[in-house]
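Please look over the structure shown here before reading on.

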Amino acid sequence: MFDRTMLIERFEDMYAAPPTHVIRVPGRVNLIGEHIDYCGLSVLPMAIDRAVWLALRPNHLEKIRIATTVAGFTSAEFSTLTPIVTGQPGDWVNYVRAAAETLLTGNFSVRRTSPPGFDAIVDADLPLAMGLSSSSALVVATALALVVTAGRDDLERICENNPSFRLELADKLARGERYVGTAGGGMDQAACLMGCSECAIRVDFDPLAVTPIPVPPDWSFIVAHSGDKAEKSGAAQQVYNQRTEEARRAAQKAWSIFGEPNRFQTAGDQGLRSYKGLLGYNDILEKSKKFLDSTSYRRFRHILTEAHRVSRAEEAMRAGKLAQFGKLLTASHRSLRDDYEVSTHQLDTMVETALDSGASGARLTGAGLGGSIVAICPANNIENVLAGLSDETPFIVRPSEGATVSLL
Ligand code: GLA
């Protein structure tokens, strides 16, 4: 259980005044639909009961001053006058800057009733850089802090749980987070803002939409992390961006094979997001095999088969068919391992250990290249799976509501 009082005390020690608000933004575990959100294909994550927490107080200084209780992360301050200057690659504050740049520029400027600026302290009961969306949670928390700082109207829209405002914010932040250099999709920001207690969510794109899907009460999800960091602004970034490029090239080729090259547009995200159209072709994998080189074909196969697994997994969840859901998770892992090549030896071993200990299915979750696995099991098998993964500090995750802002 997160100690909110301690966070508030740390804030008071640091800034010699109490915070005005505490923001909680959950992490997420992606249940299925990996590396396909940036192709515009639906995914099935779940916001979890572990979060990034941010206590703040407006400072009227046109400055964000931010500290954290997390060991090894130094505090920082920067001006909110745009454009916001980026820090060194890998600097955690770049996620804070990404949110500021997004909200203070362009057509989503928060309404300023006072100069935007706040003092903040951040903590988390979510393992960081472990594929559970800690970085997007930080981006969302900063964005909400700016909304709070800007004035009442926007804050009320957040507190009233206004879905269209939250969706708009998630959409903008998905693009805005690319400021750190990773060409991410929009799953994480949507899960952080639109999570729903007792439910997983199906996230659709173009336009962004979220549908809650109730998690059967006797299903349990366990997360275990490999200890290898999967930092989106660090080592994992290059491979991640390479995969998005490979996905884009495969789509371009496929549209030309099917004689409709105009449906692939090179501008912006348009080409990459054209996969939805490709799903409509029968025997597409068979037909494209001889035109794509072996690597492109495997990347393409992962994307298309994963999209099908997502819809079958949604059906299985709605029907309470745990064994079927589990099989789809394991098949997703194998596809990420063999076709998309984003697993690691450690993640593969953990998946096999979870399955041998009685999990009904298991897979890497998040971008891979380190990070965590998620396993699913019936409630009566939890202890065995936890024991099997005991070297990897496993923990049970439960569905959670999306971000909340509390006025103190
Ligand atoms: C990261 C990105 C997401 C998504 C996953 C992989 O978490 O932020 O947009 O692409 O990787 O599924």
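The structure is a predicted model. Its chain is divided into domain 1, which covers 4-213 + 402-407, and domain 2, which covers 221-397. Helix α6, at residues 187-194, is largely enclosed by the rest of the structure, because eight of its eight residues are buried.

**Domain layout**

- The centres of domain 1 and domain 2, taken over C-alpha atoms, are separated by 25 Å.
- To the contact between these two domains, domain 1 gives 47 residues, while domain 2 gives 50 residues.

**The enclosed helix α6**

- The buried residues of α6 are Met-187, Asp-188, Gln-189, Ala-190, Ala-191, Cys-192, Leu-193 and Met-194, where buried stands for a relative accessible area under 20%.
- The cover over these buried residues includes the helices α3 (134-150) and α5, and it also includes the strands β1 (21-32), β2 (44-58), β6 (199-204) and β7 (209-214).

**Packing of α3 against α6**

- Helix α3, which is part of the cover over α6, packs with α6 at an angle of about 55°, and the two axes lie 9 Å apart.
- The crossing of α3 and α6 is right-handed.
- On the α3 side the residues that meet α6 are Ser-136, Ala-137, Val-140 and Leu-144, and on the α6 side their partners are Asp-188, Gln-189, Cys-192 and Leu-193.
- By class, the residues of this contact of α3 with α6 divide into five nonpolar, two polar and one charged.

**Packing of α2 against α5**

- Helix α2 (residues 93-104) and helix α5 (residues 163-176) pack at an angle of about 125°, with 9 Å between their axes, and that angle makes α2 oblique to α5.
- The crossing of α2 and α5 is right-handed.
- In this pair, α2 makes the contact through Ala-98, Ala-99, Thr-102 and Leu-103, whereas α5 makes it through Leu-169, Lys-172, Leu-173 and Gly-176.
- The contact of α2 with α5 has five nonpolar, two polar and one charged residues.

Key. Residues are numbered from 1 along each chain as its sequence is written. This is a predicted model: local features need pLDDT of at least 70, side-chain atom pairs count only at pLDDT 80 or more; totals for chains, interfaces and linings use all residues. Side-chain values use heavy atoms; hydrogens and water are left out. Axes are lines fitted to C-alpha atoms, for helices over the stretch in contact, and angles run from 0 to 180 degrees between N-to-C directions. Helices (H or I, at least four residues) and strands (E, at least two) are DSSP runs, numbered from the N terminus. Angles under 35 degrees count as roughly parallel, over 145 as roughly antiparallel, 65 to 115 as roughly perpendicular and the rest as oblique. A crossing is left-handed if the near helix is turned anticlockwise from the far one by less than a right angle, and right-handed if clockwise. Contact means heavy atoms within 4.5 Å. Ala, Val, Leu, Ile, Met, Phe, Trp, Tyr, Cys and Pro count as nonpolar, Asp, Glu, Lys and Arg as charged, and the others, Gly among them, as polar. Buried means under 20% relative accessible area, exposed over 50%, partly exposed in between (1.4 Å probe, protein chains only). Domain bounds come from an automatic or database domain assignment.
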